[in-house]
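Take a look at the model below. Keep the sequence beside it as you read.

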Amino acid sequence: MKTYFQNKTVVITGGSSGIGKALVSELLTHGATIAVCGRKQNALDALQQEINNSSLFTFVADVSVEADCKAFIDATIAKFGKIDILINNAGISMRALFRDLDVSVLKSLMDINFWGTVYCTKFAYPSILANKGTIVGVSSIAGYRGLPARTGYSASKFAMQGFLEALRTENLHTGVNVMWVCPGFTASNIRNTALNPQGQAQSETPLDEGKLMSAEAVAAEIAKAIGKRKRTLVLTGQGKLTVLLSKLFPGFLDGMVYNHFKKEPGSPLQ
Ligand SMILES: NC(=O)c1ccc[n+]([C@@H]2O[C@H](COP(=O)([O-])OP(=O)(O)OC[C@H]3O[C@@H](n4cnc5c(N)ncnc54)[C@H](OP(=O)(O)O)[C@@H]3O)[C@@H](O)[C@H]2O)c1
């Protein structure tokens, strides 16, 4: 792996927390140079201080803003000269029933999770093509199976996977690898920033984060899959079973998924 990432420039959107932050540490140990964006200058400054490595470049950009994505990709190419790998990781979640929510919640989810992926991929594509590199989307099990109280999240991840599958097929003979990664429940900040029906961060997690797969373990799996130029990566036993059952017995899974999410503390299904 060390040789695979050596001298490669990797762009990671949303690298100041969770899976993105773990990817920064993981890929630096494999010899990559890394460009990271996020919306908060202070979070990026804290990351720089913690990592303290000249191979890390940070840039304030909101991926839901097309001009920000262009500025981030342009600044990365100005700094490192090229892009080999783009990891579209920045994302937010939600927790609200469709009947209760403001439609702006769905728009925010699509703007960040889907359009952010499209913008960054569009601007980075010429350099990735020139280097026969890799485009990654960090999707979710919710990209294979619609989840209750996550209509906008599931829609954004289904859209991301459809976009990436089409792009992968277009690039079958160009040397560009396109891959999507579907982590299961992973310890991170994502449930704290998940939007409530009014579009505000819910500021709590209904899960015991300490019992979930760690962001570091997810990052190590993603690095391996990129090195092997895989098509997809689905993580956790529960995640793999859900994807399998959604293909074989989708109707049966409706009830299982409903009951699972109804049991969550504070579930809007209760
Ligand atoms: N954790 C899980 O259980 C899980 C499961 C499946 C899939 N995923 C996916 O994994 C990805 C990473 O999530 P995570 O769990 O690591 O969450 P996290 O800890 O909340 O990290 C999200 C990162 O994305 C950044 N971000 C959010 N909105 C952004 C925007 N508009 N523009 C730029 N950066 C933005 C955040 O920084 P700022 O807030 O400072 O911008 C932060 O660095 C997401 O796509 C998520 O859907 C997570």
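The model is predicted, so local features need pLDDT of at least 70 and side-chain atom pairs count only at pLDDT 80 or more, while totals for chains, interfaces and linings use all residues. Residues are numbered from 1 along each chain as its sequence is written, and side-chain values use heavy atoms, with hydrogens and water left out.

**Helix α8**

Start with α8. Helices (H or I, at least four residues) and strands (E, at least two) are DSSP runs, numbered from the N terminus. Helix α8 has 13 residues, 215–227. The expected span is 1.5 Å times one less than the number of residues.

Which residues of α8 are buried? They are Ala215, Val218, Ala219, Ile222, Ala223, Ala225 and Ile226. They cover an arc of only 165 degrees around the axis, so they sit on the same side of α8. The arc is taken from the directions from the helix axis to the C-beta atoms. Buried means under 20% relative accessible area, exposed means over 50%, and partly exposed lies in between (1.4 Å probe, protein chains only). Just after α8, Arg229 takes a positive phi of about 50 degrees.

**Salt bridges**

Side chains of opposite charge can pair when their charged atoms come close. A salt bridge here is a side-chain nitrogen of Lys or Arg within 4 Å of a carboxyl oxygen of Asp or Glu. The whole structure holds 11 of them.

| Pair | N to O distance | Relative accessible area |
|---|---|---|
| Glu50 and Lys21 | 3.0 Å | Glu50 55%, Lys21 26% |
| Lys211 and Asp208 | 3.7 Å | Lys211 71%, Asp208 45% |
| Glu221 and Lys224 | 3.5 Å | Glu221 28%, Lys224 38% |

The side chains of Glu50 and Lys21 meet in a salt bridge. This pair links distant parts of the chain: Glu50 is in helix α3 (residues 41–51), Lys21 is in helix α2 (residues 18–29), and they are 29 residues apart. Glu221 and Lys224 stay within α8. They are 3 residues apart, which means about one helical turn between them. Elsewhere, Arg95, Arg150 and Glu264 are linked in a network of salt bridges.

**Cysteines**

How many disulfides does the structure hold? The number is 0. A disulfide is a pair of cysteine sulfur atoms within 2.5 Å. For Cys120, the nearest cysteine sulfur is that of Cys69, 3.6 Å away. Cys120 is buried, at 0% relative accessibility. For Cys182, the nearest cysteine sulfur is that of Cys120, 19 Å away. Cys182 is buried too, with a relative accessible area of 0%.

**A loop residue**

Leu147 lies in the loop between β5 (134–138) and α6 (151–170). Is Leu147 buried or exposed? At 14% relative accessibility, Leu147 counts as buried. Leu147 and Phe261 are 114 residues apart along the chain, yet their C-alpha atoms are separated by 8.2 Å.

**A nonpolar patch**

Leu241, Leu244, Leu248, Phe249, Phe252 and Met256 form a nonpolar patch on the surface. Together they have about 610 Å² of accessible area, calculated by the Shrake-Rupley method with a 1.4 Å probe, where only the protein chains shown count as cover for residues. Patches are made of residues with over 30% relative accessible area and no salt bridge; nonpolar side chains (Val, Leu, Ile, Met, Phe, Trp, Tyr) are joined within 5 Å, and like charges within 9 Å.

Helices α9 (237–248) and α10 (250–262) each supply at least two residues. The largest share, 3 residues, comes from α9. Met256 is found in α10 and is partly exposed, at 39%.
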